[in-house]
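Let's walk through this model together, one question at a time. Have the viewer open and follow along.

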Amino acid sequence: MHRLRAEKLDTLHPVNYANTIKSLEMSYRHLSELDSEESIAPNYCVEVESKYFFVDYKEQLVIDRESGHMHYGKSFDLLTRTSQKYLAEDEIIDFLDTLSRFNFSQIKESASIQLENPSELFEYDLTIFWAFGEKEIIKATFDEKGVPVQWTSLIAKLHSFVASFDYTELFDVQIYGRIRRKEGQLIYCKVSFEEDGPLYYYLADEDVYKEGDLVIVPVGPDNREAQAYIRSIEYFSPEKAPYPIEKTKHILGKYESSH
């Protein structure tokens, strides 16, 4: 592995960009050759020799219009892999329609590229299947000369799309650590107007807020509106209220950018 190379393959057929994308498949690979005398071999190294060991990390992304599926996977070695599959038909159709406007085949350097570091390889394969049967393949080094000219915009859209499915509540301390309100309890929110500013109690009429929310509250004798951040939420029975109920002002609502 002392002369690693990656080449760009020309587009197989001229593409009509009025066409739409049927599916997109992308594979990424980072192959490293490390000196065992200078580095500690990770558990997922591919092979250990007398002096060198290899790390072969891969990622794969498949987005398919017909099935409405997106698959994203990572591979650290033959035994260590992760895989996620999503079904989102409408979102995938809209996203692939957006990508159909990109020019995938325009690359800065089409000739073979000799890597500066012969012990490390970054490469990718990108295959675009167009609805009218055309296919476009790019195989190149994963660097600024090997990716399409419009790659920065393209990968930003890809990353945003994939990340939009990464929502989870299972590990959210604000959900599993939240104290539930009992019947008859009042909702007292501590708010601050600055990052490390003093805290003030406000009453919430609905249990719809969470820590970190930006809200609108009345301030001063004229009740002018001001923005404040909710720092904590507490529940009290009326007789145990931390501040007189009749003197406590109420949150007006969440702050909206158009406010």
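Q: Is K254 buried, partly exposed or exposed?
A: The classes rest on relative accessible area: buried means under 20%, exposed over 50%, and partly exposed in between (1.4 Å probe, protein chains only). K254 has 39% relative accessibility. By these cut-offs, K254 therefore counts as partly exposed.

Q: Which residue does K254 meet in a salt bridge?
A: Here a salt bridge is a side-chain nitrogen of Lys or Arg within 4 Å of a carboxyl oxygen of Asp or Glu. For K254 the N to O distance is 3.8 Å, and the partner side chain belongs to D213.

Q: How many residues apart are D213 and K254?
A: D213 sits in the loop between β11 (200-204) and β12 (214-219), while K254 is in strand β14 (residues 253-254). Helices (H or I, at least four residues) and strands (E, at least two) are DSSP runs, numbered from the N terminus. The pair links distant parts of the chain, and the separation is 41 residues.

Q: What kind of model is this, and how is it read?
A: Residues are numbered from 1 along each chain as its sequence is written, and side-chain values use heavy atoms, with hydrogens and water left out. Local features need pLDDT of at least 70, side-chain atom pairs count only at pLDDT 80 or more, and totals for chains, interfaces and linings use all residues, as the model is predicted.

Q: Is D213 buried or exposed?
A: The relative accessibility of D213 is 10%. Since buried means under 20%, D213 is buried.

Q: How far apart are the closest N and O atoms of D56 and R29?
A: Side chains of opposite charge can pair when their charged atoms come close. D56 and R29 form a salt bridge. D56 lies in strand β4 (residues 52-64) and R29 in strand β2 (residues 21-35), so the bridge ties together parts 27 residues apart in sequence. The closest N and O atoms are separated by 2.8 Å.

Q: Which residues are linked with R29 in a network of salt bridges?
A: The structure holds nine salt bridges. R29 belongs to a network of them. Linked with R29 there are D56, K58 and E123.

Q: What is the relative accessible area of E144, which forms a salt bridge with K145?
A: The closest N and O atoms of E144 and K145 are 3.8 Å apart. K145 counts as partly exposed at 37% relative accessibility. E144 is also partly exposed, and its relative accessible area is 47%.

Q: What is phi of N223 near?
A: Most residues other than glycine have a negative phi, and most peptide bonds are trans. N223 lies in the loop between β12 and β13 (224-236) and counts as partly exposed at 41% relative accessibility. Its phi is positive, near 55°.

Q: What distance separates the C-alpha atoms of E195 and Y229?
A: E195 is in the loop between β10 (186-192) and β11, and at 63% relative accessibility E195 counts as exposed. E195 and Y229 are 34 residues apart along the chain. Their C-alpha atoms are separated by 8.5 Å.
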